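Here is a protein model to work through. The questions below take its salt bridges, fold and surface in turn.

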Amino acid sequence: NNAYMSVYVSVEKAMGELEKISGRHYEPIEYFGSKEAEQIIVMMGSGVETAEETIEYLNSLGKKYGLIKIRLFRPFNSDVFAKKIPQSVKKIAVLDRCKESGAVGEPLFVDVMGALSVAGKNIEVIVNKDNSVTVKDDGRGIPVDIHPKTGLSTVETVYTVLHAGGK
């Protein structure tokens, strides 16, 4: 919904204006920590500052941790969120203080999982010697490049070689 996402852009611009006045930099979604972090925390609210100080301390000891601070939860910009995650990350902890009884997960966790499910960055489609297909990915991304072995789009390669389109 374009109108809904325009709120994100408006808040981003307002944060830029606030920086001009106060000198403090804010973004709707911010990353803090090691660029080579293997473990990150995603959170919002009053606990963020404590997590940031802890990560700063641990990283000063040679650790590699990171934090994604959510300053604007709605609308949740999945694309921006996914781009904030360093390529080195292997584990993500989502700390959400909200409870939603009966839900599959807490609101922030659900949005993070949704963003990760469509943000596959590393997708490799391999046509094996026996003509089977192996798909390796870091999410549920859709392979769109031309496959080097078949010369077809990788989606077409998966469907035509597998005949069923599954992994």
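Q: In which helix do K20 and E17 both lie?
A: K20 and E17 are 3 residues apart, about one turn of the helix. Helices here are DSSP runs of H or I, at least four residues, and strands are runs of E, at least two, numbered from the N terminus. Both residues lie in helix α1 (residues 2-22).

Q: How far apart are the closest N and O atoms of K20 and E17?
A: This is a predicted model: local features need pLDDT of at least 70, side-chain atom pairs count only at pLDDT 80 or more, and totals for chains, interfaces and linings use all residues. Residues are numbered from 1 along each chain as its sequence is written, and side-chain values use heavy atoms, with hydrogens and water left out. A salt bridge is a side-chain nitrogen of Lys or Arg within 4 Å of a carboxyl oxygen of Asp or Glu. K20 and E17 form one, with the closest N and O atoms at 3.2 Å.

Q: Is K20 buried or exposed?
A: Buried means under 20% relative accessible area, exposed over 50%, and partly exposed in between (1.4 Å probe, protein chains only). K20 has a relative accessible area of 66%. So K20 is exposed.

Q: How many residues apart are E30 and R71, whose side chains meet in a salt bridge?
A: The N to O distance of E30 and R71 is 2.7 Å. The pair links distant parts of the chain: E30 sits in strand β1 (residues 29-33), R71 in the loop between β3 (65-70) and α3 (78-84).

Q: Why does the pair of D111 and R74 tie together separate parts of the sequence?
A: The side chains of D111 and R74 meet in a salt bridge of 2.1 Å, N to O. D111 lies in helix α4 and R74 in the loop between β3 and α3, so the pair ties together parts 37 residues apart in sequence.

Q: In what order do the elements of the protein chain run?
A: The secondary structure comes to 5 helices and 6 strands. From the N terminus on, the order is α-β-β-α-β-α-β-α-β-β-α.

Q: Where is V104 found?
A: At 80% relative accessibility, V104 counts as exposed. V104 is found in the loop between β4 (91-95) and α4 (107-117).
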